[in-house]
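User: I'm new to reading protein models. Could you walk me through one, feature by feature?

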Amino acid sequence: MSDVLTQLAEILEQRKASSPEESYVALLHHKGLNKILEKVGEESFETVLAAKDAASEGSDKTDLVYETADLWFHTLVMLSHLDLGPQDVLSELARRFDMSGLEEKASRNQK
């Protein structure tokens, strides 16, 4: 699974330097962090709505998967814009692996 994230991160880094007329990723970077954050917020909201629909309708979760993919994609663009990548997030998740959620939250409050 992380191979897909690694490959996507490499493509996003390459597209960062492309022409905004030729690449959606380059266009987002060209418009700046606020535009990227706007897209993350929009995709986040659409993911929440799709999850609500999937729960109430009960069976077809296709839209939820589609919207989650959009959210992950735009989140990766955000990380790339800030010179981070999926490995930074995966490393943080690995750090938390043997820690309860309550412990992890308490450790953040001490910082």
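This is a predicted model: local features need pLDDT of at least 70, side-chain atom pairs count only at pLDDT 80 or more; totals for chains, interfaces and linings use all residues.

User: Where does Asp 83 lie?

Analyst: Asp 83 sits in the loop between H4 and helix H5 (86-96). Helices here are DSSP runs of H or I with at least four residues, strands are runs of E with at least two, and both are numbered from the N terminus. Although Asp 83 is not a glycine, its phi is positive, about 60 degrees.

User: How many helices and strands does the protein chain have?

Analyst: The protein chain has six helices and zero strands, giving the pattern α-α-α-α-α-α along the sequence. Of its 111 residues, 24% count as buried.

User: What span does H4 reach, and what is expected?

Analyst: The expected span of a helix is 1.5 Å times one less than its number of residues. H4 has 20 residues and reaches 29 Å from its first C-alpha to its last, close to the expected 28 Å.

User: Which residues in H4 are buried?

Analyst: In an α-helix there are 3.6 residues a turn, so residues three or four places apart point the same way. In H4 the buried residues include Glu 67, Leu 71, His 74 and Met 78.

User: At what angle do H2 and H4 pack?

Analyst: For an angle like this, axes are lines fitted to C-alpha atoms, for helices over the stretch in contact, and angles run from 0 to 180 degrees between N-to-C directions. Helix H2 (residues 24-31) and helix H4 (residues 62-81) pack at about 50 degrees, with axes 11 Å apart. That makes H2 oblique to H4 (under 35 degrees is roughly parallel, over 145 roughly antiparallel, 65 to 115 roughly perpendicular, and the rest oblique).

User: Which residues of H2 and H4 meet?

Analyst: Contact means heavy atoms within 4.5 Å. Tyr 24, Val 25, Leu 28 and His 29 in H2 meet Phe 73, His 74, Val 77, Ser 80 and His 81 in H4. His 74, Val 77 and Ser 80 are also buried.

Methods: Residues are numbered from 1 along each chain as its sequence is written. Side-chain values use heavy atoms; hydrogens and water are left out. Buried means under 20% relative accessible area, exposed over 50%, partly exposed in between (1.4 Å probe, protein chains only).
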